[in-house]
Amino acid sequence: APCFAPIFASLPSKMSSAKTLRVDRRARDNADVAALFATSPTQAWQRFKSLPLWAEREQVVQQLHGVGGAALAAYKDAYRTAMHGIIREEFYTIDADYWARHYAEIGEISVPLLDDHALPRLAAYAESIESLGKKRYGQPRPCYPPGEVAVEFAEDDPRKALMTDVNMTAVSSGHMIQHAHASGALGTAEVWSS
């Protein structure tokens, strides 16, 4: 009988190399999308929306913030256009320094974000996908995801104790992205569709 041990022994390193190549290719693709915002914002926005993973979109945004200039301005314009009717227009012109000082003084902020007219659509959308959640919570649950709390919050951070009964079902963001555009609940917010 042939001995397959040497073949199987090399599989983990070959699989690891293939994964590294995929990650490197995605990083290059994301960098290309970020650079494209400077020369062809419409095409860049379409490619940005087609990125399959939310983490990839985050990488593009981080790269854009790193380079700034025309590329970042084009991205912000495209985002603002896509979110028109959902995010309040005045949100884009808030004084971040003011809110940072306010937070430092009293430990909380309340920045108006969502357009009042979008709230009924967003509520209807949230209710329509509630059944996609894997578990219905019958009791209050943490406001912040437990993993985020454990990693990013200090031991004495009072936010660790915040509980809510508003979001009684956890629905993964993958389900939200998949169903948002089809439901029409988000109106012009193409940013959520892929």
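Guide: Let us begin with a term: an axis is a line fitted to C-alpha atoms, for helices over the stretch in contact, and angles run from 0 to 180 degrees between N-to-C directions. Please note that the model is predicted. Here the axes of helix α2 (residues 41–50) and α4 cross at roughly 65° and come within 10 Å. The crossing of α2 past α4 is right-handed.

Visitor: Which residues make the contact of α2 and α4?

Guide: Helix α2 contributes Pro41, Trp45 and Phe48, while α4 contributes Ala74, Tyr75, Ala78, Tyr79 and Ala82. By class, this contact of α2 with α4 has 8 nonpolar residues, no polar and no charged ones.

Visitor: How do you know that the span of α4 agrees with what it should be?

Guide: Helix α4 (residues 69–82) has 14 residues, and at 1.5 Å a residue these should span 20 Å. The end C-alpha atoms of α4 are 20 Å apart, which agrees.

Visitor: Which residues of α4 are buried, and what makes them line one face?

Guide: Ala71, Leu72, Ala74, Tyr75, Ala78 and Ala82 are buried in α4. Seen down the axis of α4, the buried residues fall within an arc of 160°, so they line one face of the helix. On the other side of α4, Gly69, Ala70, Asp77 and Thr81 are exposed.

Visitor: Why is Pro142 called partly exposed?

Guide: Buried means under 20% relative accessible area and exposed means over 50%, with partly exposed in between. Pro142 has a relative accessible area of 35%, and is therefore partly exposed. Pro142 lies in strand β1 (residues 141–142) and touches residues including Leu162 and Met163.

Conventions:
Residues numbered from 1 in each chain as written. Predicted model: local features only at pLDDT ≥ 70, side-chain atom pairs only at ≥ 80, totals over all residues. Heavy atoms only, no water. Helix = DSSP H or I, 4+ residues; strand = E, 2+ residues; numbered from the N terminus. Expected span 1.5 Å × (residues − 1). Buried < 20%, exposed > 50% of the residue type's maximum accessible area, 1.4 Å probe, protein only. Arc of directions from axis to C-beta. Contact = heavy atoms within 4.5 Å. Left-handed = near helix turned anticlockwise from the far one by under 90°. Nonpolar A, V, L, I, M, F, W, Y, C, P; charged D, E, K, R; others polar. Lists of a residue's contacts leave out its neighbours within four places in sequence.
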